[in-house]
Amino acid sequence: MAKNLLIVESPAKAKTINKYLGKDFHVLASYGHVRDLVPKEGAVDPDRHFQMNYEVIDRNEKHVDAIAKAAKAADSLYLATDLDREGEAISWHIAEILKARKLLEGKTLHRVVFSEITPRAIKEAVAHPRALSMDLVNAQQARRALDYLVGFNLSPVLWRKVQRGLSAGRVQSPALRMIVEREEEIEAFKAREYWSIEADCAHPDTRFKARLLKLRGKKFEQFDLTNEADAMAARSALERSAQGRLVVANIESKERKRRPAPPFTTSTLQQEAARKLGFSTSRTMKIAQGLYEGVALGDEGVVGLITYMRTDAVHLSAEAIHELRDVIGKDYGPQALPEAPHYYRNKSKNAQEAHEAIRPTSALHRPRDVAPYLNDEQRKLYDLIWKRAVACQMQHATLNTVSVDLDAGGDSLFRASGTTVVDPGFLAVYEEGRDAKGAEDDDEGRKLPKMQIGEAVPLAAIDAEQHFTEPPPRYSEASLVKALEEYGIGRPSTYASIIQVLLNREYVTLDSRRFRPTDVGRAVAKFLSGHFTQYVDYDFTAKLEDELDAVSRGEEDWVPLLEKFWKPFKATVDEKSETVDRSEATGARELGIDPKSGKPVQVRLGRYGPFAQIGSKDDEDKPTFASLRPGQSMHTITLAEALELFKLPRKLGQADDGEEITVGVGRFGPFVKHGAMYASLKPEDDPYTIELPRALELVREKAELIANRIIKDFGNGIQVLNGRYGPYITDGDKNARIPKDKEPRELTEAECVELLAAAPNRPKRGGRFGKKAPAKSAKTTAEAAAKKAAVKKAPAKKVAAKKTAAKKAPAKKAAAKKSAAKKTAG
């Protein structure tokens, strides 16, 4: 056994590092986090200085045991988890587990960090270890405690006031607010009409366009012409004064330099990968993780291709700069190399300057050379990272912009601009993407013909064009990450998880790669903004992040920080639990009066989503409900649109057996009903327009599905069924897999009983908050199966009759319940 044990987070990283360190080292993976707070109330105890109750994560128990076993035999332990505060906390948790098991006595414990997985970096890190940083650990503990306290105290308020099963997060909630506020801006936006005027200049060398700069002695502004009549009058006046030509009044040539963007941070990598490659933030981080941990490069072996991908620093090491400059000189020539290296500094005081920006571990690993060893996504992302790093050390680009003012007479001027690249510099390798184009982008690449002052340029036409102002765009992943960074909400390692949580909770959806809040998301955001204003405030959230950063730098103690947060937060939770009205919390909206009944119509959020309601619970007749259609929002639906919803259920006609066919919308979406059978509509079917022939087709399909589901029925509750994942055996309580060498149709009852007895016990699902059913022992299950088999052999018909009756009664009750559930939307 090796005398040194080194622990990293991922098995891929362990495999790579093991090759670098040789036989004196045994490298194991923790598989991420090893401990977390116990998932129940009291895991963080504010009354005992925020004492935190941790437990080993179930799925990682075997990995922890493997680490403990190896630690027992080792002389020295090296904790080499990631170099951020989360990685520091994982190292601390491993050390605490080993200490509790008395496995650290008489052994040396080292903490090693590296920002790239290369032989040089790993060996250097192991040669220069340090102690665990309790400042970083405490900053991570404080963050985890805050997230727990907010989630465990705020989520139950949402369950009671808005909808069951909702949750609130300390950092996700301000991000959700950002998306919802943008949606409200879009809905409140009122488009304004405006007109632009352009001259189409037919110069003998090159035809070009010029936009109106001055009209009748006054600078032309966006809203100077706001209707067609005024625009046409202005155009006619310009045509009369120009008399078929424009005279060059002024020429201005200006040379400017454009500097390269700094190398990637986590945020800018996520933004560029979203803009240029269409990758989601989580996808970008997963691909980057693989490039960081190592890729097999033929004879070279496994190589970590990029530095650590969770960083907010733009700093590059001297060695990296030297190598980048060497590659630039060789590949792009000495003219592409500036005299001195470019140095980049972070504007944020919280940036961890000890970390480096994201860069290739070696610029000599050119994209074309490593491409054969990478999959398509890895190749695209590596190409982006390599080019950005190389470009950041290249010569600035030199651009020349020429602006020509053209006199139209009548004290009116047009202006044409064109920008040409004099020296591409870094643009030969890389240009940073942008979320929105500006006027400069239109001019770039446009080359104007050579002109002289006083020259007359033939005028082909003057065009007036109508425009309308547009609402602000919804956030894309790139623009949301940029906004979160600008507001100081979250940190590099959390942007991807913030977005993923909002999508997983269905608070937002991605529509054409832009975030649109759902009705549930809007209700949550509105409730939190109205009643927990401080805790979704951007400045408050950013200030709390700054304070957590201060803890990581050893400038602030974490317990007083939590105390300052906890007392007012708990008081607000207690007060709002008592005072907030549920209908207000769910964002109920009055739409008007139903002309048929004279009763009020409103929309609100119910247990299964948004629904419309006619009448109220105080009326003599019960209110009627209807679920909103896909794509409809309770925030924008009109009275007329809501009343349309009550046309369901629709009677379509009768089936051949005389049973009525109806169509409606229930908890699980639109359906066709035939007797006691429900058949879901397909995505292309509309419950408001579907006709009888199509409905009968869906009913037939469902009947065939049910008929084909039963492969074999032994009459005592044991059946062989076709399931979603293939055939299986069930006795109603327990399911068993069918061995591959067995034909489902040829199974005997005895074989089924045996397979059920050997199958693992899985507790029944009781919903998210339901209690787990006590696990049955294999012996009990076998006995029950044997009893069921015995029942079949009993000769008495009376028993069989009783059994059938007992079976049917609950089935009817269940069907009745299901039907009721489908009719009620709220």
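Two strands are taken to pair if DSSP finds at least two bridges between them; strands (E, at least two residues) and helices (H or I, at least four) are DSSP runs numbered from the N terminus. In β25, glycine 653 has isoleucine 661 as its bridge partner. The model is predicted: local features need pLDDT of at least 70, side-chain atom pairs count only at pLDDT 80 or more, and totals for chains, interfaces and linings use all residues. Residues are numbered from 1 along each chain as its sequence is written, and side-chain values use heavy atoms, with hydrogens and water left out.

Strand β24 is joined to β25 by four bridges, and the two run antiparallel. They belong to an open, antiparallel sheet of four strands in the order β24-β25-β26-β27. Each edge strand, β24 and β27, pairs on one side only. The twist from one strand to the next averages 30°, with axes fitted as lines to C-alpha atoms (for helices over the stretch in contact) and angles running from 0 to 180 degrees between N-to-C directions.

| Element | Residues |
|---|---|
| Strand β24 | 650-654 |
| Strand β25 | 660-666 |
| Strand β26 | 669-674 |
| Strand β27 | 677-680 |
| Helix α21 | 692-709 |

Helix α21 packs on this sheet and touches β24, β25, β26 and β27, its direction making about 110° with that of β27. Contact means heavy atoms within 4.5 Å.

A nonpolar core is a set of buried Ala, Val, Leu, Ile, Met, Phe, Trp, Tyr and Cys residues joined through side-chain atoms within 4.5 Å, where buried means under 20% relative accessible area (1.4 Å probe, protein chains only). The largest core has 89 residues, and Phe527, Leu528 and Val672 have the most contacts inside it. Helix α5 (residues 134-161) supplies the largest share of this core, 11 residues. Beyond its neighbours within four places in sequence, phenylalanine 527 is in contact with residues including Val157, Leu158 and Val580.

Terms used
Buried means under 20% relative accessible area, exposed over 50%, partly exposed in between (1.4 Å probe, protein chains only).
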